[in-house]
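Reader: I'd like a close look at one part of this protein, the packing inside it. Could you walk me through what sits against what in there?

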Amino acid sequence: MDPVVTLHVWRMPRRALPEVLVRMATDRARLRRHPGVRFAKLLGTGTGTGFGPGDVDPTRWAALLVHDPTPTEPRAKEPRATEPKVITAWTRRSEAHARIDLTPLTSRGTWSGHQPFEPSDTRTNGMVLALTRARLKPTRAATFWRAIPPVAATLTDAPGLLARFGVGEAPIGWQGTVTVWRSTADLVAFAYRQPEHRAAIVRTEQVGWYAEELFARFAVSGIMGDRGVLGWAQTTRSDPA
């Protein structure tokens with residue numbers, strides 16, 4: 001049975017920041033040791049417009065998990081993974097929480113030396129989530145940060161964009177983006193037909209900003225909880241419940 005991919009996003013009370021920072025340091029190893037977990041990352045978040053320390057949102061945090069599903073009743077449409085205690089503890093302390101269930105469609109590159117996502121043969125006419133993640137070369141960081149604002153500005157009003165935010169394992173140099181789109185067509189239109197983004201792709205190949213990079217696309221099979229914590233922009237009739 002294929003592994004389950006889930007993205008959890010929490011809005012934490014600002015007063016809880018000291019506890020959150022401790023948990024970020026201690027919960028990573030606990031999460032990876034949970035039975036059935038194949039890959040796990042605890043992440044900070046930001047707006048995704050600058051990728052520097054000024055972009056950090058100290059009240060929003062995330063976790064990305066790839067783990068084995070548990071058996072379900074015969075009538076269940078989708079397998080469910082047993083939630084690690086680390087995840088339930090974060091959710092219990094949060095002010096808002098959203099969980100996105102994902103099915104990998106495509107994945108290119110590595111994350112911490114791993115290829116965490118196994119693309120399936122799934123086809124979707126519904127929402128898709130794009131995940132980009134990169135580790136910057138220190139000597140290329142300044143040119144990268146100068147190149148990002150024009151692309152981020154065009155993303156704000158991109159047709160079909162439902163939500164976006166930045167993610168990172170560290171405030172500087174280890175960053176990525178999460179974007180949720182109404183359809184694959186909307187995502188492809190922005191990625192390959194929007195001039196600023198297309199130019200950034202070309203520059204990536206020319207300049208070599210990244211020491212490691214990963215680009216993955218997922219079908220969104222379900223969203224549970226408070227979509228506001230995702231920075232949700234709009235709701236359409238085609239959105240799954």
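**Inside the core**

Author: Let's start with L131, which touches L64, W111, F117, T177, V178, L214, F215, A216 and F218, leaving aside residues up to four places away in sequence. Bear in mind that this is a predicted model. L131 belongs to the largest nonpolar core, a set of 31 residues, and together with L7, F117, L129 and L230 it touches the most other members. The top contributor is β8, with five residues. Apart from this core there's another one, of 15 residues, including M12, L31, V37 and I87.

Two of those names, L31 and I87, turn up again where the helices meet: E19, V20, R23, M24, D27, R30 and L31 of α1 are in contact with V86, I87, A89, W90 and R93 of α2. Sorted by type, the residues of that contact are seven nonpolar, five charged and no polar. As for the geometry, the axes of α1 (residues 17–33) and α2 (residues 85–93) come within 10 Å and cross at roughly 160 degrees. Angles over 145 degrees count as roughly antiparallel, so that's what α1 is to α2.

Back on the strands, have a look at R133, in β5 (residues 128–136). R133 has a relative accessible area of 3%, so it's buried. Its side chain has a partner, though: a polar contact of 2.6 Å links it to the side chain of E212.

Definitions and conventions. Residues numbered from 1 in each chain as written. Predicted model: local features only at pLDDT ≥ 70, side-chain atom pairs only at ≥ 80, totals over all residues. Heavy atoms only, no water. Axes fitted to C-alpha atoms, helices over the stretch in contact; angles between N-to-C directions. Helix = DSSP H or I, 4+ residues; strand = E, 2+ residues; numbered from the N terminus. Parallel < 35°, antiparallel > 145°, perpendicular 65-115°, else oblique. Contact = heavy atoms within 4.5 Å. Nonpolar A, V, L, I, M, F, W, Y, C, P; charged D, E, K, R; others polar. Buried < 20%, exposed > 50% of the residue type's maximum accessible area, 1.4 Å probe, protein only. Polar contact = N/O pair within 3.5 Å; in protein donor to acceptor, adjacent residues only side chain to side chain. Core = buried A, V, L, I, M, F, W, Y, C linked by side-chain atoms within 4.5 Å.
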